[in-house]
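Hi,

Here is the structure I said I'd pass on. Have a look below, and my notes follow.

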Amino acid sequence: MMRRGFEAGWGFALTKTFSLDKDLVTNVSPRIVRGTTSGYTFGPGQGSFLNIELISEKTAAYWCQSIKELKQDFPDRVVIASIMCSYNKDDWTELAQTAEKSGADALELNLSCPHGMGERGMGIACGQDTELVRNICLWVKEATKIPVFAKLTPNVTNIASIAIAAHEGKADGVTATNTVSGLMGLKKKWCGLAKCWQSPAYNLRGGAGASVLQVGSAVQNQDLTVVEDYKSGLKALLYLSSVDQLQDWDGQSPPTFSHQKGKPIPSLSGVLGQKLPFFGPYLKKREESLAAQCSTSNVFSGETGLESNRPAYKATKPIPAIAEMIGKALSMIGDYGDMDNTEQVVALIDEGMCINCGKCYMTCNDSGYQAITFDPETHLPFVTDDCTGCTLCLSVCPIIDCIRMKPRTTPYSPNRGVPVNATGRVASSTVLVTN
Amino acid sequence: MAFPLSKDVVDIENLMSLNPKIRRHASLVSSSATKQNKKHWKRNTEKGCSTCTSKEGNFEDIKHTTLSERGALKEAARCLKCADAPCQKSCPTQLDVKSFITSIANKNYYGAAKAILSDNPLGLSCGMVCPTSDLCVGGCNLAATEEGPINIGGLQQFAVEMFKSMKISQIRDPNLPKIADLPDSYRKPIALLGCGPASISCATFLARLGYTDLTIFEKRNYIGGLSSSEIPQYRLPYSVIDFEVELMKDLDVKIEKGRHLGTDDLTLSKMKSSGYGAIFIGIGLPNPKRIPIFEGLTEAMGFYTSKDFLPIVAQVSKPGMCHCKAALPSLSGRVIVLGAGDTAFDCATSALRCGARKVYVAFRRGFTNIRAVPEEMELAKEEKCEFLPFVSPQKVLVKGGKIVGMEFAQTEQTDSGEWEEDVEQIRRLKADFIISAFGSGLTDPQVTKALEPLKFNTWGLPEVNTVTMQSSEPWVFCGGDLAGVAQTTVESVNDGKQAAWYIHKHIQETNGLSVPKEPCLPISTHQ
């Protein structure tokens with residue numbers, strides 16, 4: 001991916017943060033989703049993404065060999081090795097020197113990964129303390145000659161003091177960008193798949209646990225009458241949660257049926273099993289098949305087809321009071337470590353709903369795992385076995401629920417790039433690391 | 001190392017072959033190649049294509065306004081939610097449009113439906129068939145932007161459809177006095193004639209007020225009025241009508257099918273003596289307008305009026321409407337539809353569903369004077385119906401007991417604006433079927449006699465006070481097509497609402513009670 005970046009014209013690239021073999025990680029899935037800041041605009045131009053992705057699953061051996069190759073083929077581009085260790089001088093020394101030897105132009109010390117690493121005394125655990133930051137920088141500067149940047153975390157009260165510590169540690173600069181921890185919308189469906197995963201819970205506006213909700217900016221955007229909408233909406237949600245037949249709804253949204261522009265896709269017996277998108281010769285084929293089906297079918301011999309509107313559904317359990325709902329999601333909010341990385345998912349694309357834009361394909365290619373094929377004739381995407389369930393494709397798809405994450409049926413074994421044994425080290429007993 | 005780690009293997013390179021690449025040069029593809037290749041990707045219809053694939057038997061939704069949840073959320077977000085919103089002012093039922101769109105934008109579809117159904121109990125039908133470009137959408141402030149006005153009809157349809165899927169029944173507002181505590185005036189029997197939009201609306205509002213003895217009499221063996229009998233399934237599915245009528249029935253409104261206004265069944269004088277406190281007449285205009293040249297023409301010969309044709313198509317294509325087995329009329333061949341109102345275009349597209357090879361819509365005036373709303377005409381045009389303006393029917397050509405064509409005279413508009421027929425410019429068109437859609441009226445003498453002693457106006461319709469909806473008899477109210485103002489479903493619904501208030505006023509005042517000066521109809525509430 002870095003090679004392709006350089007071929008496209010990018011001037012410098014950083015490796016994904018890598019570690020010593022004993023610190024190898026395994027990701028959970030889903031792990032990267034679109035944030036809620038773009039409202040209902042799906043597709044390009046997303047305002048934010050949420051992620052709980054860890055450092056690289058690949059070994060230091062893989063990265064160092066790759067850096068060597070890239071510097072050889074692109075001598076005028078800058079390759080920066082991003083590294084992470086726990087608070088241990090020997091570890092930092094060993095990894096920094098290994099990276100320098102591979103030909104990297106500079107080092108970035110990852111002192112800021114906000115999830116999954118802090119729990120082990122790495123990443124943010126180092127970056128929130130001025131003494132740790134200062135010492136790590138000093139160790140690395142002592143061991144190497146190339147420039148060193150400290151990657152800081154925004155999850156501190158005063159970043160300037162951390163930066164000063166890095167400066168005191170003789171770092172040549174700081175990287176001042178990384179994920180902000182936060183809670184951005186609770187979704188029933190994520191909670192179903194993997195434990196709800198907003199790890200340090202900075203509640204935005206008292207989301208999950210507060211008893212009172214302030215909606216100042218909602219009124220700023222509109223007017224005071226919005227309260228009526230909140231009241232009726234809340235009542236509706238409480239009612240719907242007690243109706244058995246509607247348990248698969250997400251709030252007031254029914255499960256998305258396979259549609260094109262909101263209309264159900266007719267099932268066509270004449271072209272079963274054929275891959276037919278909705279343009280060109282394929283559209284023609286669909287239309288002809290439908291026409292043939294309609295003209296020969298016995299159009300409505302009597303009663304079939306009317307889905308009855310009565311009897312109405314009724315609440316089958318007592319309708320909860322608001323007091324019962326306060327804090328209901330709290331059991332689903334926890335640490336990264338509460339998640340189970342043996343429960344993995346993979347993406348599945350609904351070809352009926354797909355509008356063939358290829359955003360999933362592009363993002364998987366240039367930001368993911370190259371696990372989606374895109375047919376040159378039908379422009380239908382297809383997820384291959386290489387999928388690791390990162391969920392980027394779903395996050396950039398313009399059609400809601402066209403891509404869904406499904407439980408993975410085969411065991412997940414991360415691609416280490418260069419396997420641990422190949423380097424002659426003692427294999428860590430935990431290749432599939434549990435947290 | 002056999003292969004560099006930092007390079008993609010061939011399989012992966014192939015997989016990524018369609019990934020965007022930076023163009024270092026201009027592209028070179030011949031015009032002739034592109035002329036061919038672009039057809040592979042086309043999503044809209046090929047221009048210059050004069051036939052579309054057969055629509056025979058195909059009653060799938062053809063509306064452009066239908067929205068998925070994704071589409072609805074995006075459109076609702078686009079709405080500006082204006083102050084003193086012009087969309088509301090243009091709505092015949094005065095729906096608080098901005099409020100329901102705000103609810104949709106907050107994913108509160110129940111709240112949106114509640115707001116809609118409070119002012120318009122037939123909100124789902126209207127969301128589907130309203131000529132919005134002439135109503136709410138016509139006033140939308142976003143029409144002053146390049147992106148254009150909001151698809152209000154589509155949003156309304158979406159919200160109420162979501163509510164329909166929740167299957168919640170309607171109840172009387174629990175904050176109002178209980179039925180048992182209301183005075184006897186609320187138990188006075190009220191009859192409504194015709195189970196169409198006007199009566200359904202009127203009955204709903206009366207029931208919400210607390211009236212408990214409401215009966216709708218419907219002549220057909222199915223309910224819904226024109227929404228069921230004439231508007232096609234692919235614009236307004238029958239399940240929508242069923243849903244709206246069930247909501248009304250939740251409030252204990254009774255319906256008696258197979259009962260009609262006529263000297264042989266219900267008459268105003270009989271109903272007065274049976275003790276009805278008020279009557280609402282919402283029978284519409286049941287009789288088609290026929291011109292003399294149609295004298296003697298029958299269905300077997302290939303002639304239909306819209307009032308014969310559309311109900312047959314409806315009965316076959318609307319599952320659950322009536323329990324009758326029938327077949328679509330087989331209209332294979334050329335069909336001429338006469339008229340240019342909404343009904344004519346419904347006939348045209350329905351004729352295609354009956355197997356017509358070619359449909360011509362022939363009308364007296366020009367394109368620029370078409371009565372139908374642009375949305376309707378667009379649908380017929382998309383389905384490749386052809387249009388014949390400036391022709392006036394002169395003669396129907398019959399051979400061997402079957403229609404073989406029609407003769408038309410050219411029409412022209414004079415400088416003073418009048419329309420003239422020029423019989424020296426004759427045009428003959430071959431055809432196998434003719435469907436006339438010249439509008440309707442009330443001409444059945446059995447019905448007009450049953451309406452005695454109502455006074456009628458020069459158009460043959462009962463005289464109606466346009467504010468109170470009262471006829472010349474203070475206890476008899478009229479609304480919908482029959483009252484002469486409403487020309488659409490939504491206006492008929494509003495007539496029903498208007499009449500409900502004044503019926504309430506009339507009944508209470510004749511029982512010595514009064515009603516508030518400001519009309520206060522209860523909003524819709526649900527279980």
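Buried area here is the accessible area, with a 1.4 Å probe, that two parts lose on being put together, summed over both. In this predicted model, chain B and chain A bury about 6300 Å² between them, and 56% of that is on carbon and sulfur atoms. On the chain B side, Leu5(B), Arg43(B) and Lys167(B) supply 13% of the area buried against chain A, more than any other three residues.

In terms of contacts, 72 residues of chain B touch 77 residues of chain A. There are three salt bridges between the two chains. In one salt bridge, the side chain of Lys98(B) meets that of Asp223(A) at 3.6 Å, N to O.

Several helices of chain B give two or more residues to the side that touches chain A, including H1 (10-15), H5 (97-105) and H14 (306-317). H12(B) gives the most, with six residues. By type, the chain B side divides into 27 nonpolar, 23 polar and 22 charged residues.

One residue I also looked at is Asp346(B), which sits in helix H15 (residues 342-353) of chain B. Is Asp346(B) buried or exposed? Its relative accessible area is 5%, so Asp346(B) counts as buried, the cut-off being under 20%. Beyond its neighbours within four places in sequence, Asp346(B) is in contact with Glu230(B), Ile231(B), Pro232(B), Tyr234(B), Arg235(B), Leu310(B) and Glu376(B). Ala437(B) is 91 residues from Asp346(B) in sequence, while their C-alpha atoms are 9.5 Å apart in space.

Cheers

Note on methods: Residues are numbered from 1 along each chain as its sequence is written. Chains are lettered from A and ligands numbered from 1 in the order in which they are written. This is a predicted model: local features need pLDDT of at least 70, side-chain atom pairs count only at pLDDT 80 or more; totals for chains, interfaces and linings use all residues. Side-chain values use heavy atoms; hydrogens and water are left out. Helices (H or I, at least four residues) and strands (E, at least two) are DSSP runs, numbered from the N terminus. Buried means under 20% relative accessible area, exposed over 50%, partly exposed in between (1.4 Å probe, protein chains only). Contact means heavy atoms within 4.5 Å. A salt bridge is a side-chain nitrogen of Lys or Arg within 4 Å of a carboxyl oxygen of Asp or Glu. Ala, Val, Leu, Ile, Met, Phe, Trp, Tyr, Cys and Pro count as nonpolar, Asp, Glu, Lys and Arg as charged, and the others, Gly among them, as polar.
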